[in-house]
Amino acid sequence: MLPFTNFFVAWVRLMFEHFSLAPPDSILGLNAAFDKDPRDGKLNLTVGVFKDDAGRTPILESVKLAEAKIFQDQKTKGYLPIEGGKDYIEQVNRLVLGPEFDMSRVATAHTPGGTGALRTGADTLSKLLAGSRFWVSNPTWANHNAVFQAAGFETLSYRYLNAAKTGLDFDGMLHQLSQEGRSGDVVCLHACCHNPTGIDPTLEQWKEISDVLAKKKMLPFVDFAYQGFGDGLAEDAMPISILLEQHPELVICASFSKNFGLYSERVGALMMISGSPKSTEAVMSQIRTSIRCNYSNPPRHGEAIVATILSDPQLSKKWRGEVDQMRSRIHSMRSALIQGMQARGKDFGFLADQKGMFSYTGLNPMQADWLKNEKGIYIVGTGRINVAGLTSSSMESICEAIAQACSI
Ligand code: LMR
């Protein structure tokens with residue numbers, strides 16, 4: 001007689017057998033490979049996670065204090081509203097848009113991380129914008145295309161990086177968007193600390209970008225994952241203010257993974273700005289519908305941390321200081337990398353203009369593979385390194401390894 005499971009198999013159609021193996025994620029897949037690598041002295045410069053000079057990803061002190069407060073004060077773990085709690089939404093609106101902004105024009109929802117905001121935003125737009133395309137920079141964050149396509153959009157790339165891979169191809173970007181963009185298309189822009197290149201437009205260039213998008217009637221869709229890691233919390237939001245001067249409608253996807261160090265708590269926000277409070281209400285209702293059929297409503301803990309910090313002047317001051325410290329550590333690591341490469345006869349001076357966690361080294365996939373296989377140094381295949389993962393003690397060996405990789 002057949003054992004029970006075999007008997008079952010004989011009668012049921014095995015659908016999962018038709019699945020083939022999906023390729024690993026180009027960032028998180030490398031992270032997983034790193035974890036399995038048994039070599040001592042291996043170094044992970046793939047995923048965008050801040051590390052201190054001892055190579056740890058610390059919980060911010062302001063976060064610990066907020067958690068202690070929440071532990072004392074929190075009364076319930078009941079469901080939050082679909083869009084998240086009121087305090088969180090008010091605080092996040094102020095942080096991103098500044099206290100003076102007319103909040104009756106903003107429909108905001110707490111989303112699970114910045115990725116949740118991107119997906120919920122794209123899902124919400126796809127109901128309205130049949131036939132519109134989503135433009136992303138070339139290169140862009142490795143997950144952008146997949147997220148926007150999953151929401152039903154066709155994605156197209158606009159030129160961003162110059163041929164030498166050292167700076168912005170600003171003319172190419174503007175030319176392409178103005179020649180090939182269509183009214184109603186959505187344009188994904190990185191407000192600061194462009195991922196993966198670290199190359200940002202200047203404020204003057206932002207004005208011109210805004211101009212082209214307004215003339216073409218294209219919708220700015222701003223990925224804002226690194227507020228505070230470029231020039232400062234207020235400074236990094238300047239491109240959004242510039243866009244708002246000409247664009248009554250705008251989408252912002254904020255993440256608090258990096259600036260609050262809340263990676264695994266999944267805290268972000270989708271903010272859709274409308275021309276009038278009446279539209280805001282309708283937009284909010286559409287966002288709620290997108291969320292309800294996806295993850296239903298957001299998790300409580302991360303948003304409680306952010307809301308607690310931002311609503312408490314002392315905690316807020318401490319947090320702002322911690323953001324400043326993270327930014328200045330990244331800055332000093334980038335300078336040390338440039339110097340280390342210079343000492344080996346390699347000019348990496350172009351990195352000095354890059355901002356935020358990432359730098360684009362110009363290394364190709366083969367060189368990235370060589371670094372991984374020969375040196376146990378993991379970087380993304382595009383040549384992106386997480387500068388925030390460098391430490392003083394690993395700097396010499398990394399510079400040496402990159403210099404060697406440059407000559408293969
Ligand atoms: C990154 O680009 O490394 C981060 O945004 C983390 C991620 O999810 O890819």
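The lining of the second largest cavity comprises 5 nonpolar, 2 polar and no charged residues (Ala, Val, Leu, Ile, Met, Phe, Trp, Tyr, Cys and Pro count as nonpolar, Asp, Glu, Lys and Arg as charged, and the others, Gly among them, as polar). The model is predicted, with local features requiring pLDDT of at least 70 and side-chain atom pairs pLDDT 80 or more, whereas totals for chains, interfaces and linings use all residues. Residues are numbered from 1 along each chain as its sequence is written, and side-chain values use heavy atoms, with hydrogens and water left out.

The residues that line this second largest cavity are F50, T57, P58, L60, G261, Y263 and M326, and its volume is about 30 Å³. A cavity is a set of points, on a 1 Å grid over the protein atoms alone, where a 1.4 Å probe fits but cannot get out, and lining residues have an atom within 4 Å of a point. Grid points are joined across faces, edges and corners, and a volume is the space filled by probe spheres set on the points. In total, 2 cavities of 30 Å³ or more are present. The largest cavity holds about 40 Å³ of space and is lined by Y158, Y160, M173, L189, H190, H194, P201, W206 and I209. Two or more residues of this lining come from each of β5 (186–190) and α8 (203–216), helices (H or I, at least four residues) and strands (E, at least two) being DSSP runs numbered from the N terminus. The lining of the largest cavity divides into 7 nonpolar, 2 polar and no charged residues.

Two packed helices are described by the angle between their axes and the distance between the axes. Helix α13 (residues 313–342) packs on helix α15 (residues 392–406) at about 45°, with the axes 9 Å apart (axes are lines fitted to C-alpha atoms over the stretch in contact, and angles run from 0 to 180 degrees between N-to-C directions). The contact (heavy atoms within 4.5 Å) joins M333, A336, L337, G340 and M341 of α13 to S392, M395, C399, I402 and A403 of α15. These residues divide into 8 nonpolar, 2 polar and no charged.

The axes of helix α14 (residues 365–375) and α15 come within 10 Å and cross at roughly 130°, so α14 is oblique to α15. Here Q367, W370, L371 and K375 of α14 meet A401, I402, Q404, A405 and C406 of α15, giving 6 nonpolar, 2 polar and 1 charged residues by class.

How values were computed
On a 1 Å grid over the protein atoms alone, a cavity is a set of points where a 1.4 Å probe fits but cannot get out, and a pocket is an open set with protein on both sides within 12 Å along at least five of seven lines; lining residues have an atom within 4 Å of a point. Angles under 35 degrees count as roughly parallel, over 145 as roughly antiparallel, 65 to 115 as roughly perpendicular and the rest as oblique.
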